Amino acid sequence: MKLDGKVPAGPLAEKWTKYRSTIPLVAPNNKRRIDIIVVGSGLAGASAAATLGELGYNVKCFTFHDSPRRAHSIAAQGGINAAKNYRNDGDSVYRLFYDTIKGGDYRSREGNVHRLAEVSTSIIDQAVAQGVPFAREYGGLLDNRSFGGVQVSRTFYARGQTGQQLLIGAYQSLSRQISLGSVEMFNRHEMIDLVKVDGKARGIIARNLLTGELERHAAHTVVLATGGYGNVFYLSTNAMMCNVTAAWRSVRRGAYMANPCFTQIHPTCIPQSGEYQSKLTLMSESLRNDGRVWVPKNQEDAKAIREGRKTALDIPEDQRDYFLERRYPAFGNLVPRDVASRAAKVACDEGLGVAPTGLAVFLDFSAAIERYGKSKAHATGLHDVSADKIRELGEAVVEEKYGNLFEMYEKITGENPYKLPMKIYPAVHYTMGGLWVDYNLMTNVPGLFAAGECNFSDHGANRLGASALMQGLADGYFVLPYTIGTFLADDIRTPRIDPNGPEFMKAEQETRDRIQQLMSVGGKQSVESFHRRLGKIMWDYCGMSRNADGLKTARKMIRELRAEFYQDVFVPGSANDFNPELEKALRVADFLEMGELMILDALDRQESCGGHFREEYQTPEGEALRDDANFAYVSAWEYKGWEEEPELHKEELVFENVELKTRSYK
Amino acid sequence: MKLTLKVWRQKDGQAKGKLETYVLDDVNSHMSFLEMLDVLNEQLIAKREEPIAFEHDCREGICGTCSLVINGQPHGPMQKTTTCQLHMRHFNDGDTIVIEPYRAVAFPVLKDLVVDRAALDRIIQAGGFVSVSTGQAQDANAIPVEKDQASHAFDAAACIGCGACIAACPNSSAMLFTSAKVSHLALLPQGKVEAKRRVLNMVKQMDLEGFGNCSNITACEAECPKGISVENIARMNREYLSASFTSEEL
Ligand SMILES: Cc1cc2nc3c(=O)[nH]c(=O)nc-3n(C[C@H](O)[C@H](O)[C@H](O)COP(=O)(O)OP(=O)(O)OC[C@H]3O[C@@H](n4cnc5c(N)ncnc54)[C@H](O)[C@@H]3O)c2cc1C
Ligand code: SF4
Ligand code: FES
């Protein structure tokens with residue numbers, strides 16, 4: 001099958017506006033007869049469900065959480081981008097578009113990304129109207145800050161809790177539609193299969209997590225907004241329950257998985273401290289506005305710090321290597337995530353790591369504290385102030401900006417980051433890969449749409465900071481509610497879909513059998529222990545850097561682990577009951593398949609780009625070496641059956657507006 | 001360190017529950033409280049027993065999913081700290097720790113330490129929003145909002161909907177939770193327009209759900225992991241009074 005991204009023709013800046021006005025509309029009286037299932041209530045799902053409800057469709061929204069407000073989006077810290085140019089610093093829709101294409105290392109579609117930049121400004125308007133309390137300046141207007149990979153200040157934020165505030169805005173809009181009866185909410189329901197009728201997505205099988213009952217839900221169309229699959233790695237910054245099941249089950253029903261190997265490793269996370277660790281905590285990228293990243297210049301100092309004989313404060317200025325500033329003078333500490341992460345890994349590989357495990361670098365705020373302190377003293381008319389007073393004033397400014405992050409750091413590590421620099425290390429954070437979708441956000445399965453992190457659409461091989469919130473809300477508020485019309489306009493005469501049809505009964509039975517299979521293994525090892533082992537394989541061989549030999553080894557290991565899982569896993573409790581271990585088992589089973597596909601994709605992509613660094617393809621200075629002649633495509637994988645080789649389809653990426661260049665942040 | 005845990009076990013909503021005792025021999029002080037429970041659960045699974053059901057997700061203190069009453073305190077002994085952010089370094093070798101679910105009529109126990117908090121969603125559905133549909137908004141900078149005012153609104157909006165305030169209150173009152181939303185929106189020009197309807201409808205729903213009255217004990221504020229202030233309750237009371245006097249929609 002030839003993959004057609006369906007990007008409309010015409011000049012880049014006019015594509016979306018023109019196209020939007022040609023999308024077939026569904027008349028209001030017909031909308032009432034159309035049922036839409038939205039799976040997920042994060043930024044993408046809640047915004048889509050609320051907007052579709054407002055438009056008059058009958059919406060059923062599903063989440064495995066006990067409330068739509070708990071979705072993983074709630075944890076986003078740093079901010080959301082928008083091309084408002086309120087700073088008058090030269091920002092524009094084109095610049096946001098360009099930064100995103102370049103940041104993604106030229107592996108995303110121009111048309112989609114430009115549309116994202118265009119609607120970004122409406123998102124901020126919408127959020128403010130909902131009552132999202134963004135940070136403001138004394139004049140009462142909205143404040144901005146900078147994020148990595150760009151040279152303008154276009155990130156809107158609400159302290160360190162931007163995701164929380166945006167999700168609460170979307171949740172409130174969703175709640176309004178629930179109260180009006182246009183959205184029916186199904187909390188504690190997990191989608192575990194997709195149902196197709198005559199080749200079209202027409203419903204889902206969901207498990208009621210409280211009773212264990214399997215339910216069949218039918219609709220004219222299904223929207224997945226189920227988030228990313230970073231938890232394949234076991235340890236990541238994602239919430240514990242994030243998983244790939246909805247997307248993976250759709251792949252098993254024919255949807256293509258695009259660019260699965262593109263995972264983002266975030267440079268600033270709190271390092272792992274022990275084997276019992278259940279997750280990793282992000283320290284927002286916004287900290288790199290003011291924090292300087294360094295390691296000691298020589299190994300003896302690093303060793304002394306690791307062994308607790310010295311602290312950061314004992315290392316004089318000229319013995320510190322501010323390696324990002326040194327290697328990338330133009331962007332300094334604000335290089336994109338993939339670049340910063342690899343640089344930290346290189347430093348630690350050279351024996352300069354500063355945590356007992358050897359895996360950490362410093363993120364130091366002392367220069368910022370001094371700078372802010374002086375400026376504050378000046379602004380308040382204080383003269384001849386002592387160094388201590390300056391520090392105190394500076395710490396207050398830093399607290400106002402990042403207080404909650406500093407507090408979180410101290411709670412977890414027991415160290416005070418105002419006094420000692422933070423220790424950070426890269427960790428899995430986000431997945432650029434996801435379900436393949438066309439310009440309409442429809443997968444190759446007619447009637448199945450995907451929005452937010454669960455699709456592959458806009459970030460190419462590397463996502464820029466503060467762009468996931470933007471994309472999730474763009475998809476949900478401003479793109480999908482229009483483009484869904486391209487599918488639905490032909491369906492206005494289709495009567496309600498029958499959830500008792502043979503396809504539904506068959507899918508339900510298959511799910512029941514699958515659950516039965518897991519429950520009846522009765523082996524000796526816990527689900528958790530398999531997940532941990534999978535995560536370690538993925539991190540060791542398909543993490544920050546990859547090579548062909550390692551990937552081949554990893555594929556073999558995963559296949560063995562999967563076989564062992566079905567022979568020796570133990571799922572306690574019963575299937576007809578509230579059973580978190582069974583929920584986990586179903587998710588880990590899908591991760592065990594997804595992991596292998598990520599490895600295959602990483603093997604296929606014989607180039608380094610963005611978050612995908614193949615050791616075989618690098619410049620003499622250790623920078624990523626892209627191969628545009630052979631790999632400027634989206635890889636879209638088709639599932640072919642249990643233990644069969646999946647088939648690779650390629651969507652060639654066409655660049656009409658930007659010139660493909662080596663990404664340089666020097 | 002060695003710990004004795006007394007944990008509430010209850011098969012489902014109908015069953016009678018009781019405290020079971022477990023001993024953990026080797027708890028690392030860098031672990032989080034929930035990681036300590038993970039370790040216990042792995043041990044139970046190894047013995048082919050059913051693990052303890054408890055809720056959690058972000059483990060960063062922001063999603064509001066975790067709960068637990070630890071030694072009588074919702075979210076445990078540390079101020080402004082959710083259970084998931086509590087670390088074992090705040091306990092001592094040899095301690096006995098009692099772990100129970102939230103107790104409130106409006107929060108029925110579902111299993112072990114898991115309770116149903118859907119009532120909080122219904123309070124929001126009753127009016128905790130601004131009635132603006134997608135695409136209706138004007139430019140974000142069209143209405144300036146005073147920095148301090150926005151900051152106060154933020155303080156109230158920081159509520160994570162965990163329900164600890166209710167678990168802490170002898171009356172199981174949901175005033176702190178409800179007032180946080182009422183304040184968040186009433187403090188902003190965008191939310192002012194509907195303020196009267198909102199407060200009346202939300203308070204009505206709160207009563208319908210079976211939450212108790214407020215008698216100014218302020219245990220809610222003391223146990224709130226996000227430091228939501230009881231000033232919000234005072235503000236809600238003012239809003240409610242003035243709305244009751246002037247609203248035609250009673
Ligand atoms: C710690 C952290 C900080 C971040 N900070 C930022 C930031 O500052 N700026 C930024 O732009 N991005 C940030 N991100 C990324 C961003 O938060 C996410 O990419 C984004 O929120 C994803 O939104 P979503 O709606 O696609 O998915 P999610 O928010 O993950 O929502 C998924 C939803 O789907 C539901 N679901 C999933 N599977 C099923 C199923 N099978 N059945 C039923 N329901 C299901 C879940 O219950 C949930 O409601 C951050 C990410 C992390 C981890
Ligand atoms: S007010 Fe505090 S305790 Fe109550 S739900 Fe909100 S965050 Fe939790
Ligand atoms: S698990 Fe999210 S707040 Fe505790």
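Predicted model: local features only at pLDDT ≥ 70, side-chain atom pairs only at ≥ 80, totals over all residues.
Strand β6 of chain A gives the largest share of the shell around ligand 1, three residues. Residues are numbered from 1 along each chain as its sequence is written, chains are lettered from A and ligands numbered from 1 in the order written, and side-chain values use heavy atoms, without hydrogens and water.

Back to the ligand, then. How many residues surround ligand 1? There are 37, and the closest are A:T63, A:S73, A:G78, A:M191 and A:E453; a residue counts if one of its heavy atoms lies within 4 Å. In chain A, α3 (43–55), β6 (189–197), β15 (422–431) and α13 (468–488) each supply at least two shell residues. By class, the shell has 16 nonpolar, 18 polar and three charged residues. Nonpolar covers Ala, Val, Leu, Ile, Met, Phe, Trp, Tyr, Cys and Pro, charged covers Asp, Glu, Lys and Arg, and the others, Gly among them, are polar.

Now the polar contacts, meaning pairs of N or O atoms within 3.5 Å. A polar side-chain atom of A:E453 lies 2.6 Å from an oxygen atom of ligand 1. Backbone N or O atoms also take part: one of A:S41 lies 2.9 Å from a ligand oxygen, and one of A:L43 lies 3.1 Å from a ligand oxygen. Taken alone, ligand 1 exposes 1,000 Å², and the protein buries 98% of that (Shrake-Rupley method, 1.4 Å probe).

Next, the nonpolar cores: sets of buried Ala, Val, Leu, Ile, Met, Phe, Trp, Tyr and Cys residues joined through side-chain atoms within 4.5 Å, with buried meaning under 20% relative accessible area. Which members of the largest core touch the most others? Among its 225 residues, they are A:I80, A:F134 and B:F211. Helix α17 of chain A, residues 580–604, gives the most to this core, with 14 residues. Apart from it lies another core of 27 residues, including B:W8 and B:L113.

Finally, chain B. Its secondary structure comes to nine helices and seven strands, and its C-alpha trace spans about 60 × 40 × 35 Å along its principal axes. Of its 250 residues, 58% are buried.

Technical notes:
Polar contact = N/O pair within 3.5 Å; in protein donor to acceptor, adjacent residues only side chain to side chain. Helix = DSSP H or I, 4+ residues; strand = E, 2+ residues; numbered from the N terminus. Buried < 20%, exposed > 50% of the residue type's maximum accessible area, 1.4 Å probe, protein only.
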